[in-house]
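Please keep the sequence and the model in view while going through the numbered points.

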Amino acid sequence: MSELPLLVTDLALILVVATFFSLLFKWLKQPVALGYIVAGIVISFFITKDHPEYKNIEIWSQIGIIFLLFGLGLEFSFKKLMKVGSTAIVATLFLVICMIGLGFLTGVFFGWLPMRSLFLGAMISMSSTMIISKVYDDLKLKNKSFASIVMGILILEDVVAVLLMVLLSTFAVSHRFEGADMLVSLAKLVMFLLFWIILGTYLIPTFLRKMKSLLNDETLLIFSLTLCLGMVILATKAGFSAALGAFIMGSILSETIDSERIEQLTLPIKNFFGAIFFVSVGMMVQVTTLNEHLLPVLIISLVVIFGQMTFATGGLLLAGQNLKTAISAGFSLSQIGEFSYIIGALGMALKVIPASLYQIIVTTSIITIFTTPYIIKLAPPITNFLERNLPVKWQYLLNKTTSGAHPVNQENLWKKLLTKITQITLIYYSICMVIVHFALRYANPLIQTVLPGIKGDLVIAVVTILIISPFMRALIIKKLRSVEFVTLWEENNSYRAPLVFTVLIRVIMCMGLIMYLLYNLFHTNIVIGGAIAIIAIILMTLSKNLKITSIAIEKRFRDNLDEKEKFRESKALMSKGFVDHAMERDLHLSEFTIEPHFLSIGKTLKEFNFRQIYGINIVRIVRGERKINIPNGNDYLYPYDRIVVLGTDRQMEMFQQRLDANKKKYDAQKQTQPPEVKIGQIQISEGSSLIGKTIRNSGIQTEYNCLVVGIERGEYSKQDPALDFEFMCDDIVWLVGEYDNIVKLNEI
């Protein structure tokens with residue numbers, strides 16, 4: 001009999017232990033991810049780094065990181081990132097920079113090397129999306145106004161974590177903190193991200209639409225995983241991590257109309273491999289040597305908790321939020337999570353941090369995860385204490401927001417124009433640079449095998465310039481007819497020279513790229529290369545066909561990019577403008593589903609008195625595809641109606657408490673199960689009160705709640721007898737009903 005491979009037996013061990021602890025932590029109402037980490041700690045007693053099985057678990061762990069990051073990417077959205085607003089941006093940058101600095105100083109305090117201290121700062125700067133979402137669900141905080149701010153910060157932290165992984169890899173490999181290396185790595189990362197995000201957005205949604213009839217659940221799952229692993233390979237070939245590639249592809253797919261379906265299909269895979277990853281994280285904790293690191297664990301835990309609380313709250317105050325919102329949101333971020341483990345795993349793979357530091361971080365994570373719910377609950381009493389004791393002048397300063405209208409003037413026009421030109425230049429020039437790089441690095445060697453010498457170079461040069469020409473034309477021409485450009489051009493003659501310069505600098509950039517291509521292929525001098533580049537650019541700008549092509553490419557890209565948002569808006573409960581207008585007045589919208597057990601079912605809104613009891617207003621009822629806007633007092637509520645409610649945090653909390661109370665009553669009633677229905681028989685004996693009575697007037701159905709389904713009389717048998725059938729002595733009556741009722745009938 002052949003033996004099972006160690007890879008399979010190791011997986012079986014992981015799953016057995018992980019299953020037990022996941023059930024245990026579910027029962028304890030703790031995050032399941034924490035249970036997986038504890039499972040890994042238990043496994044570490046049996047499998048250490050010296051065992052050959054440990055290598056297999058590392059392989060499973062690497063696969064786990066890929067699918068975990070792919071799942072996080074599916075939940076991420078670049079459009080959401082662009083809409084998080086200045087509050088989340090300011091707060092996140094302030095928080096991350098301060099925490100990296102604090103972590104670095106903590107490492108220096110312990111006498112660690114600078115690189116190790118830098119990794120420590122990066123690891124403790126990331127909060128846990130998974131844990132915060134779980135705690136918000138448990139504490140019923142998802143409908144609070146500050147929850148959206150926290151989610152915006154977490155979105156930005158994901159992006160910062162990806163950037164940190166790339167920059168830290170550069171530092172670790174070069175062992176130098178040189179600005180040039182950092183800028184080159186950052187530029188390379190930005191170009192890689194922009195190129196694949198733009199190309200993916202241009203191609204993938206179109207493919208999904210055209211193949212919709214062929215993409216059932218099975219084929220869509222395979223297609224999604226193919227894209228994920230394909231991007232993993234491309235990222236590693238480009239010198240980045242596999243985790244980055246998985247995250248990028250997840251982010252691209254998150255903008256498609258099928259993103260939620262893909263997320264549901266890949267969720268079991270993400271959960272499966274994610275569990276293995278968290279188990280492998282727990283295996284890094286060696287309990288036998290933990291006492292050696294007890295002091296660093298305690299100090300770093302305090303640094304994380306108080307540092308995150310302080311800097312997150314300070315960042316939100318700096319961004320213009322009031323004291324209550326800043327404390328409520330800031331106290332939510334007092335833990336470290338998934339990306340901390342991934343950054344730590346990267347440091348270990350690069351051999352710049354020891355296993356002991358990873359163990360310290362994991363243990364710190366466990367402590368901070370356990371303390372998170374209690375710290376969140378501390379926010380209201382601390383807010384009340386500060387509001388009672390802070391001087392009025394300080395309270396006014398802390399609660400003064402930075403929002404307000406600004407007059408539209410020439411300075412703002414310049415700002416808008418330069419911002420848009422910078423975005424366009426960055427996007428289109430990155431595309432052109434990547435295309436030229438691919439042409440020189442991969443396409444030219446391939447063509448040379450078929451057309452060696454100058455013929456092959458000429459083909460590559462012509463084809464590459466033709467491919468990049470729509471993007472170069474857009475880069476040069478875009479915004480020349482915009483409102484900002486025309487207004488500045490006409491209002492002040494002194495602005496014309498700077499405006500021409502914005503065009504000229506883009507022309508020079510395009511010339512430089514064409515000259516770079518020609519030099520690498522033909523070793524042309526500056527004069528000839530510049531002349532060819534100028535001629536090419538003139539032809540690009542004058543070509544009507546190229547203009548049509550450029551507009552068509554941009555339109556398709558925008559349609560694909562906005563497809564999901566337009567679909568959601570068509571299904572949205574309320575318009576974004578209405579939501580923003582409400583939030584300006586300290587109100588917000590929340591959606592509640594009317595469950596079948598809700599006490600108001602069958603009542604009108606007037607009878608239930610939502611506004612008088614809770615102070616909330618129902619602005620819309622969604623019933624299937626039907627939407628009832630501003631319902632009146634005579635409208636009814638039905639099971640599974642979705643109601644959009646407008647109110648303050650306190651009013652929402654009171655309404656949620658009422659829903660929870662109803663659910664508890666319903667659950668208590670469900671625990672008392674009615675007796676089972678059985679089939680039985682009785683025999684009518686002499687002297688029975690049923691003799692001579694019909695089924696209708698016997699009381700069997702009305703008094704005993706039983707059904708007569710058959711009667712046997714001697715050799716005669718009757719199924720489903722009529723209601724006027726009369727009973728006789730010795731009849732055998734077959735009944736369906738509760739057991740106790742059948743027994744009572746048998747007694748008479």
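Does Arg623 count as buried, exposed or partly exposed? At 22% relative accessibility, Arg623 counts as partly exposed; buried means under 20% relative accessible area, exposed over 50%, and partly exposed in between, with a 1.4 Å probe and protein chains only as cover.

1. Basis of the note. This is a predicted model, in which local features need pLDDT of at least 70 and side-chain atom pairs count only at pLDDT 80 or more, while totals for chains, interfaces and linings use all residues. Residues are numbered from 1 along each chain as its sequence is written, and side-chain values use heavy atoms, with hydrogens and water left out.

2. The chain as a whole. The secondary structure comes to 28 helices and eight strands; helices (H or I, at least four residues) and strands (E, at least two) are DSSP runs, numbered from the N terminus. Of the 748 residues, 46% count as buried. The chain exposes about 39,300 Å², of which carbon and sulfur atoms supply 64%; accessible areas come from the Shrake-Rupley method with a 1.4 Å probe, and for residues only the protein chains shown count as cover. Among contacts (heavy atoms within 4.5 Å) with a separation of 6 or more, 78% are between residues 24 or more positions apart.

3. Ile14 is found in helix α1 (residues 6-27) and is buried, with a relative accessible area of 1%. Leaving aside residues up to four places away in sequence, Ile14 touches Ile43, Ile57, Ile276 and Val279. Ile14 and Ser280 are 266 residues apart in sequence, yet their C-alpha atoms are 8.9 Å apart in space. Ile153, in helix α8 (residues 145-174), is also buried, with a relative accessible area of 1%.

4. An open sheet. Four strands form an open sheet in the order β5-β8-β6-β7, with antiparallel pairing; two strands pair if DSSP finds at least two bridges between them. Strands β5 (677-683) and β7 (716-719) stand at the edges, each with a single partner strand, so one side of each is left without a neighbour in the sheet. Neighbouring strands of this sheet are turned by 20° against each other on average, direction ignored. Helix α28 (residues 739-747) packs on the sheet, touching β5 and β8, and its direction makes about 145° with that of β8. For such angles, axes are lines fitted to C-alpha atoms, for helices over the stretch in contact, and values run from 0 to 180 degrees between N-to-C directions.

5. Pairing around β8. Strand β8 (residues 732-738) pairs with strand β6 (residues 707-713) over five bridges, and seven bridges join β5 to β8. Trp734 in β8 is the bridge partner of Gln681, and Gly710 stands opposite Trp734. Val733 in β8 is the bridge partner of Ile711.

6. Salt bridges. Side chains of opposite charge can pair when their charged atoms come close. The structure holds seven salt bridges, each a side-chain nitrogen of Lys or Arg within 4 Å of a carboxyl oxygen of Asp or Glu. One of them joins Asp641 and Arg623 (2.8 Å, N to O). Asp641 lies in the loop between β3 (626-629) and β4 (642-647) and Arg623 in strand β2 (residues 617-623), so the pair ties together parts that are 18 residues apart in sequence. Asp641 counts as buried, at 1% relative accessibility.

7. Further charged pairs. Glu484 forms a salt bridge with Lys420, the closest N and O atoms being 3.3 Å apart. This pair links distant parts of the chain, 64 residues apart: Glu484 is in helix α20 (residues 483-491) and Lys420 in helix α18. Glu484 counts as buried, at 10% relative accessibility, whereas Lys420 is partly exposed, at 29%. Glu554 forms a salt bridge with Lys478, the closest N and O atoms being 2.8 Å apart. Glu554 is in helix α23 (residues 544-571) and Lys478 in the loop between α19 and α20, 76 residues apart.
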